Amino acid sequence: MNERNSIARRVALSAVLCALSLLFSYLETFIPMPVPGMKIGLANLIPLILLPTVGIPAAAAVSLSRIALSALLFGSPVSFLYSLAGGVVSFIVMVLAFRFRLFGLPGISILGGVAHNVGQIAVAVFALGTVRILSLLPWLLLSGTVAGLAVGLLGAVVLPRLPRALFPRKKAEEDQEKDA
Amino acid sequence: MKIFLRRDAVLLLSLLLLAALLFLVLFLCRGDGSGEWDVVIRYRGETVRRMPLDEDAEFLFTSDEGVNRIVISGGAVYVASADCANQVCVHHGTLVPADAGVDFISCAPHRLLITLERRDGK
């Protein structure tokens with residue numbers, strides 16, 4: 001078995017990073033936003049850098065545990081449903097964008113941000129029982145794009161600086177990095 | 001490793017363009033605000049209250065989820081206070097007939113939606 005990437009090692013790393021991700025989502029509540037309820041989604045930085053390194057399962061585990069823990073600590077059942085919908089849709093879209101090598105980290109993150117907002121408005125349409133709120137869509141598109149760009153750029157800057165021992169690159173990613 | 005690929009830039013620009021296009025559509029959907037209007041309050045998708053916008057009023061809307069204090073004043077409606085965590089409905093400010101087609105006040109935690117509709121139902 002590859003010691004460097006053993007299951008125990010990945011579980012431990014994911015747990016520590018999940019805590020960091022939780023801290024990010026707490027910290028960003030102190031960042032003032034033009035519209036209340038708007039978020040940068042800094043917590044998504046962790047799954048974003050886990051995708052091309054440790055792998056999709058670790059990224060999924062961190063995302064889901066962060067959403068569940070965040071709801072338990074600061075949220076309500078309703079807010080949990082909203083974050084879960086946004087989180088799951090966003091994660092699926094990011095994995096697809098990553099697997100099909102469609103974009104770099106900023107592009108993956110932008111798609112994730114937009115997908116998160118679209119997932120949440122879909123839940124809101126059911127919760128409020130009306131499609132009228134879809135007029136929020138352009139705002140959500142704009143804010144998801146800008147927030148996703150910010151997190152994605154941050155991820156792209158951080159990724160090459162991470163210790164390779166902890167964040168092993170997949171062979172294919174190394175090749176892509178050389179190509180880029 | 002390049003930080004920002006050309007493809008990322010294309011994606012960014014197309015999404016911003018799409019957002020701009022949707023904003024334009026919304027702007028074109030704005031009404032002139034003339035005529036008589038009703039404040040319509042929906043809870044869980046059902047219309048629970050309908051009242052004239054031209055008569056000032058102030059009341060509490062209470063449900064299992066919580067309480068919103070709704071004020072109708074001078075041809076506009078707003079939520080003065082709510083016992084929810086995010087206060088999005090309070091920060092929304094006033095809702096006026098000119099924005100009726102494209103705007104609304106929503107309180108997602110309380111599953112409440114406030115819209116303006118023409119009294120004659122058009």
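## Helix packing and the chain interface

In helix 4 of chain A, L81(A), Y82(A), A85(A), G86(A), G87(A), V88(A), V89(A), S90(A), V93(A), M94(A), A97(A) and F98(A) meet G107(A), I108(A), L111(A), G112(A), A115(A), H116(A), N117(A), V118(A), G119(A), Q120(A), A122(A) and V123(A) of helix 5 of chain A. By class, this contact has 15 nonpolar, nine polar and no charged residues. Ala, Val, Leu, Ile, Met, Phe, Trp, Tyr, Cys and Pro count as nonpolar, Asp, Glu, Lys and Arg as charged, and the others, Gly among them, as polar. Contact means that C-beta atoms, placed from the backbone, lie within 7 Å.

The model is predicted: local features need pLDDT of at least 70, side-chain atom pairs count only at pLDDT 80 or more, and totals for chains, interfaces and linings use all residues. Residues are numbered from 1 along each chain as its sequence is written, while chains are lettered from A and ligands numbered from 1 in the order in which they are written.

Here are the two helix pairs. Axes are lines fitted to C-alpha atoms over the stretch in contact, with angles from 0 to 180 degrees between N-to-C directions. Helices are DSSP runs (H or I, at least four residues), as are strands (E, at least two), numbered from the N terminus.

| Helix pair | Angle | Axes |
|---|---|---|
| Helix 4 (77-99) and helix 5 (105-128) of chain A | about 145° | 7 Å apart |
| Helix 1 (7-27) and helix 3 (56-74) of chain A | roughly 45° | within 9 Å |

Between the chains, 32 residues of chain B are in contact with 30 residues of chain A. Helix 1 of chain B gives the largest share of chain B's side, 11 residues.

Key. Two residues are in contact if their C-beta atoms, placed from the backbone, lie within 7 Å.
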